[in-house]
Amino acid sequence: MAKKLAGKMKLQIPAGKANPSPPVGPALGQRGINIMEFCKAFNAKTQDMEPGAPCPTVITYYQDKSFTMDIKTPPASYYLKKAAGLKPVGKRNRPKGAVLPGRETAGTVTIKQVREIAEAKMKDLSANDVEAAMQIILGSAKSMGIEVK
């Protein structure tokens, strides 16, 4: 017999760093999901990824309190900031793109780096080939104020 679906939720959690503290714990707890079981499963699945890389995760939970998770690749902006070598700034100590994209540049990346990012993100993008995926990544770079050479 199939499990009865209770709902879906999306969280963005750093790879290998899921713990019961907010925002993970309260989001899972109010839906009746075993928090420690989720944290152990998530950290085990993301142990081969770069520690601290933000991982968008879709959690499907069922009425019998079980769950499944679909961990996606980190956002294109994360890869672009890393490739451009942007330094962490601001209150949360995260790298930022340009304040006025199109008028100023925050950094530069090469076409080769864009291709590598597109290949890494390929399974999560709605593109049929690497060239189309590169166009998506180029659009993200332009909107962040990152110049492509």
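Start by selecting Ile137. Past its neighbours within four places in sequence, Ile137 is in contact with Ala76, Leu80, Val114, Ile117, Ala118, Lys121 and Leu125. Keep in mind that this is a predicted model.

**The largest core**

Now widen the selection. The largest nonpolar core has 19 residues. Ile137 belongs to the group that touches the most other members, together with Leu80, Val109 and Ile146. Colour three helices next: α3 (76–84), α4 (111–121) and α5 (130–144) are the elements that give two or more residues to this core. A second core is separate and has 18 residues. To find this second core, select Leu11, Leu28, Phe38 and Ile71, which are among its members. In soluble globular proteins, nonpolar side chains tend to be buried together.

**Helix α3**

Stay on α3. Which residues of α3 are buried? Select Ala76, Tyr78, Tyr79, Leu80 and Ala84. Then show what covers these buried residues: the cover includes β2, β6 (107–109), α4, α5 and β7 (146–148). Step off the end of the helix. Gly85 follows α3, and its phi is positive, near 70°.

Lys72 sits in the loop between β3 (67–71) and α3. Is Lys72 buried or partly exposed? Lys72 has a relative accessible area of 28%, so it counts as partly exposed. Show its contacts, leaving out residues within four places in sequence: Met49, Cys55, Pro56, Val58 and Asp124.

**Strand β2 and Thr60**

Select β2, residues 54–62, and pick Thr60 within this strand. Thr60 has 12% relative accessibility and therefore counts as buried. What does Thr60 touch, not counting residues up to four places away in sequence? The list is Leu5, Gly7, Lys8, Ser66, Phe67 and Thr68. Leu5, Gly7 and Lys8 can be selected along with β1 (5–14).

**The loop between β2 and β3**

Follow the chain out of β2. Lys65 lies in the loop between β2 and β3. Its phi is positive, about 70°, although Lys65 is not a glycine. Lys65 counts as exposed because its relative accessibility is 54%.

Is Ser66 buried or exposed? Ser66 is buried, because its relative accessible area is 18%, under the 20% cut-off. Ser66 touches Lys3, Thr60 and Tyr61, leaving out residues up to four places away in sequence. Now draw a line from Ser66 to Gly102. Their C-alpha atoms are separated by 47 Å, and the two residues are 36 apart along the chain.

**Rings**

Display the aromatic side chains. A search of the whole structure finds 3 aromatic pairs. Phe38, Phe42 and Phe67 are linked into a cluster by ring pairs. Phe38 also belongs to the second core, and Phe67 is one of the residues that Thr60 touches.

**A cis peptide**

Jump to Pro22 and Pro23. A cis peptide bond joins them, with omega about 5°. Pro23 is in the loop between β1 (5–14) and α1 (24–29).

**Zoom out**

Finish with the whole chain in cartoon view. How many helices and strands are there? The protein chain has 5 helices and 7 strands. Read along the sequence, the pattern is β-α-α-β-β-α-β-β-β-α-α-β. Along the principal axes, the C-alpha atoms fill a box of roughly 55 × 40 × 25 Å.

Of the 149 residues, 35% count as buried. Take contacts between residues at least 6 apart in sequence: 60% of them join residues at least 24 apart. Last, colour by charge. There are 24 positive and 12 negative charges, and their mean positions are 9 Å apart.

Definitions and conventions. Residues numbered from 1 in each chain as written. Predicted model: local features only at pLDDT ≥ 70, side-chain atom pairs only at ≥ 80, totals over all residues. Heavy atoms only, no water. Core = buried A, V, L, I, M, F, W, Y, C linked by side-chain atoms within 4.5 Å. Buried < 20%, exposed > 50% of the residue type's maximum accessible area, 1.4 Å probe, protein only. Helix = DSSP H or I, 4+ residues; strand = E, 2+ residues; numbered from the N terminus. Contact = heavy atoms within 4.5 Å. Lys, Arg positive; Asp, Glu negative; His and termini not counted. Charge placed at Lys NZ, Arg CZ, Asp CG, Glu CD. Phe/Tyr/Trp six-rings, centres within 6.5 Å; stacked < 30°, edge-to-face > 60°.
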